[in-house]
Amino acid sequence: MAKQTYVTLNNGTKIPQVGLGVYMINGDAATEKAVSEALKVGYRHIDTAHAYQNERGVGAAIKQSGISRDEIWITSKLWPSDYGKDITPGAIDKMLNRLQTDYIDLLLLHQQFGDYVGAWQAMEDAVKNGKVRAIGLSNFDGERLNNLLANATVKPAVMQVELHPYYQQKALKDKMSQYGTKFESWYPLGHGDAGLINEPIFSQLAKKYNKSNVQIIMRWHIQKGHIVFPKTTNPQHMVDNFNVFDFDLTSDEMKQIDALNKDKRYFNVPLSQQKQMFESFTPAD
């Protein structure tokens with residue numbers, strides 16, 4: 001199996017392009033098992049969050065793996081209940097304890113609600129004192145993004161958003177390009193939409209390269225410079241999702257996939273409803 005590829009962030013650190021996402025893996029025991037399997041396959045990037053309620057499982061698997069901590073990239077996210085200049089430092093310390101680590105490689109603000117400016121300032125301080133290596137955003141856009149950028153001394157290293165061939169985020173990418181912000185994809189396969197996965201171009205290329213349609217989509221993400229972390233607890237799927245480094249799509253094939261963009265998103269909850277939904281939830285420590 002060919003080796004993992006990396007993307008260089010705007011602060012010079014290198015992040016593995018393919019990781020394991022642990023969203024909706026229920027509980028620390030199941031998470032520890034999945035992360036342990038992924039590390040055996042060769043994954044070196046784990047994406048979690050306080051809201052997922054499984055950071056302890058991630059930390060335990062990494063601790064038990066015998067792999068040097070500096071070889072594994074940990075991404076986690078602060079929930080709005082963790083936001084605030086005076087609240088966020090304690091929330092970061094609790095996160096470090098849950099993950100059993102001295103530092104977090106990438107820390108994101110999970111949603112664009114609450115005192116995100118105060119939280120960002122505290123995250124900048126955490127970078128200065130070595131508790132966090134890089135900071136970024138998840139699910140920010142519009143006025144809230146503009147407000148944060150206007151108040152940020154350290155510009156976001158990463159933007160994590162819904163991103164797939166049907167929703168390529170061209171406007172947001174153009175906006176963030178001046179900062180050197182890299183893009184991470186959730187729903188990299190369009191929420192598993194069969195219509196997307198079975199697009200004729202993917203079936204044609206899968207046959208040409210002796211890969212699956214999913215592997216072709218993953219390869220498109222990699223060549224676009226995206227960071228992806230498909231969630232699975234199935235060891236064979238982990239292997240398949242990781243087996244995408246031994247071939248290259250041509251520029252013409254990349255353009256054909258680019259042409260699939262429809263600005264179609266699968267998460268369509270209105271902002272006002274998101275606010276109510278996200279601010280009513282406080283994850284346990």
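**Aromatic pairs in the predicted model.** This predicted model holds 10 aromatic pairs. Phe 113 and Phe 278 form a tilted one, with ring centres 6.0 Å apart and 45° between the planes. The two residues come from distant parts of the chain, 165 residues apart. Phe 113 lies in the loop between β6 and α4, and Phe 278 in helix α12 (residues 271-279). Phe 113 is buried at 2% relative accessibility. Phe 278 is buried too, at 10%. Trp 79, Phe 113, Phe 278 and Phe 281 make up one aromatic cluster.

**The pair of Trp 186 and Tyr 187.** Ring centres are 4.8 Å apart here, and the planes meet at 75°, so the pair is edge-to-face. Trp 186 is buried, with 19% relative accessible area.

**The open sheet.** Eight strands pair in parallel, in the order β3-β4-β5-β6-β7-β8-β9-β10. β3 (20-21) and β10 (227-228) are the edge strands; each has a single partner, so one side of each lacks a neighbour in the sheet. Two bridges join the parallel strands β7 (residues 132-138) and β8 (residues 158-162). Ser 138 has Gln 160 of β8 as its bridge partner. Helix α4 (residues 116-128) packs on the sheet and touches β5 (73-78), β6 (104-109) and β7. The directions of α4 and β7 make about 160°.

**Packing of helices α2 and α3.** Helix α2 (residues 55-65) packs against helix α3 (residues 88-99) at about 50°, with axes 7 Å apart. That angle makes α2 oblique to α3. Glu 55, Arg 56, Val 58 and Gly 59 of α2 meet Met 95, Arg 98 and Leu 99 of α3. Three of these contact residues are nonpolar, one is polar and three are charged.

Notes: Residues numbered from 1 in each chain as written. Predicted model: local features only at pLDDT ≥ 70, side-chain atom pairs only at ≥ 80, totals over all residues. Heavy atoms only, no water. Axes fitted to C-alpha atoms, helices over the stretch in contact; angles between N-to-C directions. Helix = DSSP H or I, 4+ residues; strand = E, 2+ residues; numbered from the N terminus. Parallel < 35°, antiparallel > 145°, perpendicular 65-115°, else oblique. Contact = heavy atoms within 4.5 Å. Nonpolar A, V, L, I, M, F, W, Y, C, P; charged D, E, K, R; others polar. Pairing = 2+ DSSP bridges. Phe/Tyr/Trp six-rings, centres within 6.5 Å; stacked < 30°, edge-to-face > 60°. Buried < 20%, exposed > 50% of the residue type's maximum accessible area, 1.4 Å probe, protein only.
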